[in-house]
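Here's a quick briefing on charged pairs and one annotated stretch. Have the model open as you read.

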Amino acid sequence: MLIVSNPTAEQLPCAVQASPVAKDPLKRAMDILVAGGALLFFAPLLALVAVLIKLESSGPVLFRQARGGLNGQAFTIFKFRSMRCQENGSKVVQAKRDDDRITTVGRIIRKTSIDELPQLLNVLRGDMSIVGPRPHALAHDEHYGAQIANYHLRFRARPGLTGLAQIKGLRGGTNEVEAMAARIDADNEYIERWTLSGDIKILLMTVPHLLMAENAY
């Protein structure tokens with residue numbers, strides 16, 4: 001892990017080249033198959049959650065936010081709205097334990113990661129992959145990209161619903177640069193060692209890690 005105060009020109013997202021993980025047709029085929037099947041399987045749950053969100057608080061069912069994607073290009077991510085207010089500006093405040101912005105329904109769907117299921121639509125659109133580095137808000141990309149030397153290398157792959165960092169327990173809020181740097185190291189390790197069988201292993205390991213996670217809130 002290498003933390004710097006100012007990245008060089010070579011460390012900026014515009015200099016990143018997509019790696020094989022972003023170009024493999026079998027990985028894309030798996031994304032479409034898994035995302036499409038999951039949307040059909042979870043359709044009743046998605047409908048129920050949408051109704052509960054509308055009943056509990058005013059506002060849209062889906063939360064939309066700009067996130068950094070493949071080659072550093074921004075895309076709009078979809079999540080179930082779990083808070084009474086959201087930010088999409090230059091200062092994005094991460095959710096924290098006992099955050100009073102989180103609704104009752106929101107607390108449940110965040111703890112179980114159900115709030116992330118609408119991102120299956122992002123996968124079908126090609127913005128994301130089932131497995132890859134988790135996408136961050138643009139403000140976080142700018143903030144941490146200026147402090148972590150290899151941060152920009154995570155843009156070599158499409159962001160994922162789950163990833164190596166997540167099954168290593170590196171999820172949730174990151175208040176320290178060192179914690180984010182550890183996550184970035186895992187993201188880049190995934191990209192550099194990527195295999196399709198590795199994706200399947202990460203996907204299978206995600207469920208037990210979600211159930212045991214203590215830093216999801």
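This is a predicted model: local features need pLDDT of at least 70, side-chain atom pairs count only at pLDDT 80 or more; totals for chains, interfaces and linings use all residues.

Residues are numbered from 1 along each chain as its sequence is written, and side-chain values use heavy atoms, with hydrogens and water left out.

**Salt bridges**
- Searching the whole structure turns up nine salt bridges (a side-chain nitrogen of Lys or Arg within 4 Å of a carboxyl oxygen of Asp or Glu).
- One of them joins Glu116 to Arg134, with the closest N and O atoms 2.9 Å apart.
- Glu116 sits in the loop between helix 2 (104-111) and helix 3 (119-125), and Arg134 in the loop between strand 3 (129-131) and helix 4 (138-145), so the pair ties together parts 18 residues apart in sequence. (Helices, H or I of at least four residues, and strands, E of at least two, are DSSP runs numbered from the N terminus.)
- Glu116 counts as buried at 17% relative accessibility, and Arg134 does too at 10%.
- Lys79, Asp115, Glu116 and Arg134 are linked in a salt-bridge network.

- Arg125 and Asp127 pair up at 3.0 Å between the closest N and O atoms of their salt bridge.
- Arg125 is exposed at 53%, whereas Asp127 is buried at 17%.

**Annotated stretch**
- UniProt's unreviewed entry places a "transmembrane region" at residues 32-55; its positions use the numbering here, feature names are shortened, and annotations may be inferred rather than shown by experiment.
- Residues 32-55 are 100% helix and 0% strand, with end C-alpha atoms 32 Å apart.

Notes
Buried means under 20% relative accessible area, exposed over 50%, partly exposed in between (1.4 Å probe, protein chains only).
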